[in-house]
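Please look through the sequence and the model shown here before reading on.

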Amino acid sequence: MELEGALPMDDKAKRMRDLLSSFYTPDQSIPGSPPHNAVSRFATLDTINTTSFDADQYMNLLVQKSSLEGLLQKHVEMSAEIKNLDTDLQMLVYENYNKFISATDTIKKMKNNIVGMETNMEQLLEKITSVQSRSDGVNTSLFEKREHIEKLHRTRNLLRKVQFIYDLPTRLQKCIKSEAYADAVKFYTGATPIFKAYGDSSFLDCKRASEEAVSVIIKNLQGLVFSDSESIQARAEAVMLLKKLDFPVENLKVKLFEKLKQFLVDLDLEYKELTNVPVNVDESINQNSASTTTHEASVHEFAEAIRAYKAIFLHSEPQLCNLGQDLVKKHFEAIHQQIMKHVRSADLLAMLRIIWTDVLLMDEVLPEASLPDFALQHARVAIKDYTCSTFSRLLMNISDTLKKYQFTVKEEMGVEYPLRAALEASKKSVIQGSMDALMDFRLLLDENPELLLKLRDLTIGWVHEGFQDFFRKLDGYFLLLSGKKNTAFQDVNLIEETQGEKISAGLVLVLAQLTLYIEQTAIPRIREELASLSAGGGVRGLATDPAEICRIFRSSGESFLHLYIKMRTQKISVLLKKRFAAPNWVKHKEPREVHMFVDLLRQELDEIRSEVKQILPEGLTHKHRRNNSNGSTTSSRSNPLRDDRLLTRSNTQKARSQLLESHLAKLFKQKMEIFTKVEHTQESVVTTIVKLSLKSFQEFVRLQTFNRSGFQQIQLDIHFLRTTLKDITEDEAAVDFLLDEVIVSSAERCLDANPLEPPVMDRLVQAKLAKTSEQGGDEKSK
Amino acid sequence: MQGGSTGIGYGLKYQARCISDVKADTDHTSFLTGTLSLKEENEVHLLRLSDGGTELICEGLFSHPNEIWDLASCPFDQRIFSTVFCSGETYGAAVWQIPELYGQLSSPQLESIASLDGHTSKLRCVLWWPTGRHDKLVSIDEHNLFLWSLDTSKKTAQVQSQESAGMRHYLTGGAWDPHDFQMVSLTCDSSVQLWDLRTMKKTDSIDRAHVRNVDYDMKKRYMLVTAEDDSGIHIWDLRKLKSPVADLPGHSHWTWTVKCNPTYEDLILSAGTDSAVNLWLASPSIHDHSVQDSSLTSQNRTEPLLNSYNDYEDSVYGLAWSSREPWIFASLSYDGRVVVESIKHHLTR
């Protein structure tokens, strides 16, 4: 029951609340409040001012949350608020009541005003109808007269036109006389519609006459267009007029364009003549400058023509651009040809300069073509071409030099020091060629026509790259020349030329020294020059990696030196092989003299020495080293040991003890470093070859079995070699050691090792020496 | 790494040139070597690597009538081997058998199974049929090639066919192709000759002077490795004989012998007269020559030389891989010193 009672109460309260809230909150548009359940669930004390306020719940909440004191306080607060609300409510009622009263007043006033309106409106309608009827009357009365006037007017116009047409031929003639073509064209075009309509009947004569006149006009106009002397404006106007006369202007355009093209072709011929001339700049300077001026004049003319054309024919720029670009292209084609013919940089420069002036001239006339950019692009290509061709020419030069000597080395041994000459020449061709190339580039950069100024950085880069590439290729070429097959060398020409020819050992030596020279002298010098080149511009760092290139050259220099040594030792090996293959060592006869193969060996060594002497520098440490090795313990100890060994061997003849002894000897000796690093000096190379040959000697000996005489023969030969090799070689200790080794080895391989007595050996050696010196003397006397 | 004192040494009494792996011995890693002494009694040593791999034990010591220039172990019977011997003007080749119970005898004598007589010039080497039990043998002298059929039980050897290589060619050695049993390559003065044993005719040749030694790659068919006096080591493809597929620098003096590893591809061992043994890895990248700048790529290539063993007193002539433990090789220098080395730590790379 309570619930039922509560419900109406609630309704009432709610209405009141709505009213109040409509009064207090200006915005009524939030009635869509969340459902009650949700509100009750999330109720707080703040909900008191919302539409969905639930008093019971609020009370519960209040009781739950507040203390007694709080509640009391709240009570006081609330009762105060309720009082306030009551007074507000009263105020509200009063205000609304006032509004209502004023509204009724307004309605009453409106009713009164509306009463007189209708009569007024009726009066207005009446007046308007009367105005309309009067105007109709006026209109009808005037209609006839107006029509008549209009007719008269038309006739008059027609008459005037007819008059005009009859007058047209004479008028045109007059115009032709006074060259007022513009008027003439205007008249004629005005008359054409009539001619078209009635030309075949009434105005036949007239039409014919005027057409004749017009054809004269057209002719005159064409003449005007083609005449260069007339002002551009007049020509442009003439073209406009021709266009109006339905004359096919395109033909004209094409014709004129052809003319321009022809001009270009002529111009180019002239240009070719020009570029063919300056092979020798000093002599042809006058000629050159003369032709330059004529060239300039003609280009100027061309530019003017283009300017005219452009003015005359609108929208012709693309064509003209093409034309201008053609001009530039032709220029650069000519340059390309010149580059192919190995033009000098001064000439290239001159050509570029001419091009640049041309381009500037053209650019003035035809900015749309952006010829400078276009020219720049082409210049880039041209300069790149130029650098490439310069370097390839350099390479060719060097290879030519080398090749020349490759043949002369074989054929003309009469020349004293052919190898040295080859080395010097190739050195010179490398350094001089590079320097010349650099000079050329420097000139190119220093002279600096505007065109090149923009390309400066690029050019320097290319020069750097070019050098790098050049040296790489050079190295590849050297390797190829020396017969190392696994180089993927690009230049087909060089490959073809070098194939099938075996390089001489001497040339390998030349290459070895040449690479050393390039590594140690040429590259640093070129690097310096390059540095100064790029320093002038103060732009980007060195693109080259000289260390890398130096490394390449160093390694190939070493490999060439090794190759030389290899080739030489191979030759000696063959010599030794023959020596050991020929006799039957087990049945060898008693030695009577030093075997003649020693002479061959010496000959070979002499040849090597002469080659080496020509090419390689003397070792600075030569003396020093010899002293050193003399003073060292190895050799001083090895010498007495050797003698002892020979003695004991002759006494005991026991192979076992020999072996043991040689082992012991080796123990006491330092391990002899036979295969040391080769240096680029005469002594080092010769010593290495001698050492390798002696080692081969030993190995050959080990493969044989000797009788006593055979052993003695070897002993004798070695004894002889000992005296002769001493003078040649640097590392005496090692050579001595190897000579000993040969004797020991042959003793080991001997069935009956009984050495020759030293006096006998000395005598035989002396005899041999005397004989050879005699022979030498004979040869010299001859 | 240099110097390689890791090796296990064994000293022969006299100088020696040849060493051979005993292939048929599957229980032990053993090697046979023979001495080269003109005046003393020559010996054949049977060496066995102890189980721990720390010691070389002499299992047997047999006297041999002449100095031994070549020695090859039979691939199917560990007690059989062949020697080529020579002293002064006499030369010959024989197949020997190590006597049973040789450990108990005081001075065991080798039993001669067969004597390969009939050669008219200096014998160079004897080759066994590469693998398996087979009765074929090839012997090479300076001018001729003999194909023998050997009966080990009857102890006889008969010439099956023989052919002269021509008097102008001085044969120096050879190798039997492990992939094609009909093919044998012979080295001579000016070339490497490839022979077909069925027709006994030369089928092809590599024109190359001063070839000392030749060996087939056990793993890769058509791959042949040659050692040359002065120009190092070359690897050939038998299908393209114009130029070698790869070069290795070789030794400071002559490269005397090359041996391909029986198990690991591209692993090559070479010995030279510069008293060194070099271990090479001919990596496949070297086979590819299409690269542009050789000097540049040589940098990028891995260095082919894996190790150089140069702790020898004299020239190294003998070299043998163990087929049982393929990471072990034996080397023999002229002063009679056998050194066995393991390359195990190089394999991990």
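Leaving aside its neighbours within four places in sequence, Ile526(A) is in contact with Ser434(A), Met435(A), Leu438(A), Phe467(A) and Phe471(A), where contact means heavy atoms within 4.5 Å. This is a predicted model, in which local features need pLDDT of at least 70 and side-chain atom pairs count only at pLDDT 80 or more, while totals for chains, interfaces and linings use all residues. Residues are numbered from 1 along each chain as its sequence is written, chains are lettered from A and ligands numbered from 1 in the order in which they are written, and side-chain values use heavy atoms, with hydrogens and water left out.

Ile526(A) lies in helix H17 (residues 505-537) of chain A; helices (H or I, at least four residues) and strands (E, at least two) are DSSP runs, numbered from the N terminus. Because its relative accessibility is 2%, Ile526(A) counts as buried (under 20% relative accessible area, with exposed over 50% and partly exposed in between, for a 1.4 Å probe and protein chains only). Met435(A) is 91 residues away from Ile526(A) in sequence, yet their C-alpha atoms are 7.5 Å apart in space.

Two packed helices are described by the angle between their axes and the distance between the axes. For helix H11 (residues 317-340) and helix H12 (residues 345-365) of chain A, the axes come within 11 Å and cross at roughly 180°, the axes being lines fitted to C-alpha atoms, for helices over the stretch in contact, with angles from 0 to 180 degrees between N-to-C directions. H11(A) is therefore roughly antiparallel to H12(A), a label for angles over 145 degrees, whereas those under 35 count as roughly parallel, 65 to 115 as roughly perpendicular and the rest as oblique. Among the residues that meet are Leu327(A), Phe332(A) and Ile335(A) in H11(A), and Leu348(A), Met351(A) and Asp358(A) in H12(A).

In chain B, an open sheet of 4 strands has the order E14-E15-E16-E17, with antiparallel pairing; two strands pair if DSSP finds at least two bridges between them. Strand E14 (171-176) and strand E17 (201-207) of chain B stand at the edges with a single partner strand each, so one side of each has no neighbour in the sheet. The twist averages 25° from one strand to the next. E14(B) is joined to strand E15 (residues 183-188) of chain B by 5 bridges, and Trp176(B) stands opposite Val184(B) in E15(B).
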